[in-house]
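Work through the exercises below with the sequence and the model side by side. Each task is followed by a solution in steps.

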Amino acid sequence: MDQNELFHTLARPLPPGAYKDLQLGGRKMTVIDAYHIVSRLTQVFGLCGSGWGVKITDWDLSPDGSNLAASGNLWYKLDDKRCNVPAIGDARVFKGNIAEARKKAQTNLISKASSFIGIGLSVYQGKGVDDPYLDEVSLKEDRTPPKLKAESWLKATTLKGKPLADLSESERDALYEWAEKTITQSLSDDGFRLWHLVLQMRTELAERNAA
């Protein structure tokens, strides 16, 4: 097939199960299961490593260690030529698990690069986003972060009224995990403030333990 036909083959809608609707702060968005993208690449170009693949050239960890970026290329074979699509993927680093973050950042890079050759492009055109990470511009938080004095979390409570200072270690870990996975646009104003208090609690306790 010529390149125009190839593009339309890559860009045709994915199976219904590939798409998921996500409601965030009154906005409805669409995410794509990244492994449906892998399936489409394999159907068109062949097995990963033979007909297509990904090469990571750089890993960049944010100064606070919370986010990892993968720079590299998605490559595929076309008319016996190897074509490269540069892209950057990213992932949050949860509980210091760099290996898991690398896997997610690589998957995100594949999703981003695949959109440049047509796969899932309709979702981007409709202002949807690719799994597993949400588009930073579309989901820009427009609320001003609360101004917290040092140790403000010691006087704060959860949304259910339990003081943060009285939480067990497992309860704190559960709140940290909640803060890592939560998109702030989906939170009420009280939840938005709690989100910042939880981050303050984690930072100040870590500093206290390191002293």
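Helices, of type H or I with at least four residues, and strands, of type E with at least two, are DSSP runs numbered from the N terminus. The model is predicted.

**Exercise 1. Layout of the chain**

Task: State how many helices and strands the protein chain has, and give their order.

Solution. Step 1: the secondary structure comes to six helices and five strands. Step 2: along the sequence, these elements follow the pattern α-β-β-α-β-β-β-α-α-α-α. Step 3: of the 211 residues in the protein chain, 37% are buried. Step 4: among contacts with a separation of 6 or more, 56% join residues 24 or more positions apart.

**Exercise 2. Confidence**

Task: Find where in the protein chain confidence is lowest and where it is highest.

Solution. Step 1: the pLDDT averages 84 over the protein chain, and 84% of the residues score at least 70. Step 2: the lowest confidence is in helix 4 (residues 121-125), with a mean of 62, and the highest is in strand 3 (residues 52-61), at 96. Step 3: over residues 126-139 the pLDDT is below 50, yet this stretch has 38 contacts in the model beyond near neighbours in sequence. Step 4: where pLDDT is low, predicted coordinates should not be read in detail.

**Exercise 3. Helix 1 against helix 2**

Task: Describe how helix 1 and helix 2 pack, and which residues meet.

Solution. Step 1: helix 1 (residues 3-11) and helix 2 (residues 34-45) pack at about 145°, and their axes are 10 Å apart. Step 2: the crossing of helix 1 and helix 2 is right-handed. Step 3: helix 1 brings L6, T9, L10 and A11 to the contact, and helix 2 brings R40, V44 and F45. Step 4: sorted by type, the residues of this contact are five nonpolar, one polar and one charged.

**Exercise 4. Helix 2 against helix 3**

Task: Decide what the angle between helix 2 and helix 3 makes of their packing, and which residues form the contact.

Solution. Step 1: helix 2 and helix 3 (residues 98-116) pack at an angle of about 60°, with axes 10 Å apart. Step 2: helix 2 is therefore oblique to helix 3. Step 3: the crossing of helix 2 and helix 3 is left-handed. Step 4: A34, Y35, I37 and L41 of helix 2 make the contact with T107, I110, S111 and S114 of helix 3. Step 5: the residues of this contact divide into five nonpolar, three polar and no charged.

**Exercise 5. A serine in helix 3**

Task: Is S114 buried or exposed, and which residues does S114 touch?

Solution. Step 1: S114 is in helix 3. Step 2: the relative accessibility of S114 is 0%, so S114 counts as buried, the cut-off being under 20%. Step 3: leaving out residues up to four places away in sequence, S114 touches I37, L41, L74 and I119.

How values were computed. Residues are numbered from 1 along each chain as its sequence is written. This is a predicted model: local features need pLDDT of at least 70, side-chain atom pairs count only at pLDDT 80 or more; totals for chains, interfaces and linings use all residues. Side-chain values use heavy atoms; hydrogens and water are left out. Axes are lines fitted to C-alpha atoms, for helices over the stretch in contact, and angles run from 0 to 180 degrees between N-to-C directions. A crossing is left-handed if the near helix is turned anticlockwise from the far one by less than a right angle, and right-handed if clockwise. Contact means heavy atoms within 4.5 Å. Ala, Val, Leu, Ile, Met, Phe, Trp, Tyr, Cys and Pro count as nonpolar, Asp, Glu, Lys and Arg as charged, and the others, Gly among them, as polar. pLDDT is the predictor's confidence in each residue, from 0 to 100. Angles under 35 degrees count as roughly parallel, over 145 as roughly antiparallel, 65 to 115 as roughly perpendicular and the rest as oblique. Buried means under 20% relative accessible area, exposed over 50%, partly exposed in between (1.4 Å probe, protein chains only).
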